[in-house]
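Here is a short note for a colleague opening this structure for the first time. Please keep the view open while reading the points.

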Amino acid sequence: MDGETAFLGVESSLTNARWEPARSIRHGEELDRHAAAIAQQFTDMPLPVSRFLAGRDLGDLTIDQFLEPKLRDLLPNPSRFRDMDRAAARLADAVEAGTPVGVFGDYDVDGAAAAALLVNVLGTLGLAVDVHIPDRMREGYGPNAAALHALQERGAGLIVTVDCGINAHAPLAAVASTGIDVIVVDHHLAGPDLPPAHSVINPNRLDEDGAYGHLCAAGVTFIVLVALLRELRGRNFFTDVRPAPDLIRQLDIVGLATVCDVVPLTGVNRAFVGQGLKVLAQRGNIGLASLADQAGLNKPPSGHTLGFMLGPRINAGGRIGASDLGVRLLSTRAADEAGAIAVSLDELNSRRREIEQEIRAHAMDLAAQQDDRPVVLVGHQSWHEGVIGIVAGRLREALGKPACVVALGDGTGDDADHNPGKGSGRSIPGFRLGSAIIAAQQAGILAGGGGHDMAAGFSVDADRMEEFHDFICQRFTAEVGGEVPRPVRHVAGLLSTAGVLPELADWLDRLGPFGSGNPEPRFALPDCRIGYAKAVGRDGAHISCRLDDGSGGTLSAIAFQAGGTPFGEALLSARDGAPLHILGRVRRDHFRGGRAMQLEIEDAAPRSL
């Protein structure tokens with residue numbers, strides 16, 4: 001909150017961040033009373049957890065419902081969404097008639113997951129499903145008329161777009177003129193005019209109330225399928241010999257997409273991920289099981305598994321490989337095919353990391369020349385557009401500013417300066433990047449674009465880069481102010497090295513899944529001395545050390561990706577020196593059996609004088 005006293009007096013940490021208490025709806029004696037009441041209900045709950053829960057706004061949920069989110073409590077009635085009943089009826093007609101369905105998806109995890117849901121469920125209902133995932137380099141994002149017509153020519157009698165289509169007016173108009181019905185299932189911000197389609201399902205339509213605007217495309221698609229099965233039950237389609245598909249078995253795919261699309265993990269999204277992780281642990285989807293094996297997963301799956309182990313590998317197909325590898329992995333029923341695709345995605349992900357590191361270093365050099373601009377915009381002809389979104393995220397993390405990165409193409413051709421570059425942006429809290437991109441398109445500066453508050457994609461001509469930079473900086477100044485705010489680290493409370501126990505980790509796991517909208521709690525360990533600090537990992541990428549605050553025993557700790565950074569050097573130089581306040585997240589050390597504990601260091605600060 002404004003005017004909040006800095007936590008432990010840390011106004012500027014070693015990463016130039018300000019530490020503040022985690023946002024809480026209760027304070028002082030009121031917080032103490034609620035924490036005590038929770039402790040009475042859950043007698044083995046550690047105090048840091050009960051205090052954290054006492055300050056959370058759980059909405060209409062009880063603590064039991066928060067700790068164990070269930071779809072039956074949180075899934076909305078599908079009919080609350082515009083066009084949902086109309087779409088369900090049209091899909092049911094297709095099921096009853098055996099009409100082949102064409103699916104046009106997106107090349108990221110969310111698009112692959114949404115398309116795979118349709119393949120898996122409609123296929124179980126007896127339909128042939130033909131999926132087209134566009135090539136990022138040749139076709140770009142969103143439906144194009146040629147691909148839609150190709151789906152028709154291959155026999156599709158109904159087309160469904162997933163994770164795209166809300167702004168594809170011209171391509172959808174072209175296919176609508178042929179008489180085929182198109183159902184748009186999307187979640188991106190909609191404009192005032194909807195595309196010409198049989199039905200448009202999107203919680204971010206302007207005529208929706210926005211209550212479920214946080215759904216990813218796979219989440220919306222899952223609700224469409226709930227509506228479809230309800231419609232088919234109403235038509236007495238299912239029998240003892242033709243039972244309804246079990247949608248619960250698809251929740252591993254929905255949970256994967258929900259985490260990877262960085263949508264808020266609140267409400268029904270929390271249930272999608274929580275229940276999805278349970279389904280994932282059962283290894284029923286042979287594609288995900290093969291990918292988990294290829295990634296070396298050796299512990300129970302978590303949100304981290306989805307977002308940092310499985311998701312990047314699936315994304316690698318759309319970024320630098322074959323765009324349909326993701327949907328094929330998530331929908332295959334053949335073990336040999338699943339294994340082969342998993343190997344390919346793992347190899348592509350390794351290559352993606354190499355490309356990303358090269359571009360990130362170049363982009364950081366260019367960004368350093370823009371110190372006085374509140375938004376970073378960099379571009380180059382040699383950059384691979386498949387990784388620019390990742391690089392934009394890295395720039396934002398490193399610089400604390402919104403960052404947009406543009407792959408300008410190879411600069412060849414008769415009109416090279418006017419070939420639209422492909423851009424991707426990542427924002428900071430308080431600046432609605434997706435709205436800014438749409439405004440720039442409406443102003444005629446961008447050739448196209450759209451997205452969310454925190455992430456967006458766009459197309460821009462090389463000769464309008466500076467104009468776009470001016471526009472988005474002015475937009476930032478009007479919306480946020482002329483000065484980029486200092487990064488803030490929210491601290492859930494204090495811990496001691498002796499208090500970091502397996503029981504604490506067990507309860508923190510129950511607060512998950514963590515991600516956007518449900519951040520994992522960070523804890524501060526004050527006055528820690530650092531011992532045995534050393535660089536570890538490939539090329540010394542991480543800093544490993546032990547923490548001792550005098551409370552009894554020491555605690556293993558690691559700062560990932562801190563090697564070679566000022567933060568990492570500060571940790572190394574603090575060996576056996578003056579104590580530091582340490583900020584981090586509690587972890588189990590699975591390399592030592594899972595009962596040993598570890599702190600993942602995120603930040604540190606000298607003691608205030």
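1. Start with a helix pair: α6 passes α10 in a left-handed crossing. Bear in mind that the model is predicted. Helix α6 covers residues 109-124 and helix α10 covers residues 251-260. Their axes lie 8 Å apart, at an angle of about 165 degrees. Angles over 145 degrees count as roughly antiparallel, and α6 and α10 are therefore roughly antiparallel to each other.

2. Which residues make this contact? From α6 come V109, D110, A113, A116, L117 and N120. From α10 come I253, V254, L256, A257 and C260. By class, the contact of α6 with α10 has 9 nonpolar residues, 1 polar and 1 charged.

3. Helix α11 (residues 268-281) and helix α13 (residues 303-320) cross at roughly 75 degrees. Their axes come within 9 Å. The range 65 to 115 degrees counts as roughly perpendicular, so α11 is roughly perpendicular to α13.

4. On the α11 side, V273, L277 and L280 take part. They meet G303, L306 and L310 in α13. The residues in the contact of α11 with α13 divide into 5 nonpolar and 1 polar, with no charged residues.

5. Now the cores. The largest nonpolar core has 79 residues. Within this core, L125, L228, L232 and L330 touch the most other members. Helix α9 (residues 217-234) gives the largest share, 11 residues.

6. Look at L228 in detail. Residues up to four places away in sequence are not counted here. L228 then touches A88, L91, A92, V95, L122 and L125. A second, separate core holds 44 residues, including L31, C528, A533 and M597.

7. Is T497 buried or exposed? T497 sits in the loop between β13 (493-494) and α19 (502-511). Its relative accessibility is 5%. Buried means under 20%, so T497 counts as buried. Apart from neighbours within four places in sequence, T497 is in contact with L525, C528, L547, D548, D549, S551, G552, G553 and L555. One of these contacts, C528, is included in the second core.

8. Finally, H188. This residue is in the loop between β5 (181-185) and β6 (199-201). Leaving aside neighbours within four places in sequence, H188 is in contact with Y141, D163, I166, N202, N204, G451 and H452.

Note on methods. Residues numbered from 1 in each chain as written. Predicted model: local features only at pLDDT ≥ 70, side-chain atom pairs only at ≥ 80, totals over all residues. Heavy atoms only, no water. Axes fitted to C-alpha atoms, helices over the stretch in contact; angles between N-to-C directions. Helix = DSSP H or I, 4+ residues; strand = E, 2+ residues; numbered from the N terminus. Parallel < 35°, antiparallel > 145°, perpendicular 65-115°, else oblique. Left-handed = near helix turned anticlockwise from the far one by under 90°. Contact = heavy atoms within 4.5 Å. Nonpolar A, V, L, I, M, F, W, Y, C, P; charged D, E, K, R; others polar. Core = buried A, V, L, I, M, F, W, Y, C linked by side-chain atoms within 4.5 Å. Buried < 20%, exposed > 50% of the residue type's maximum accessible area, 1.4 Å probe, protein only.
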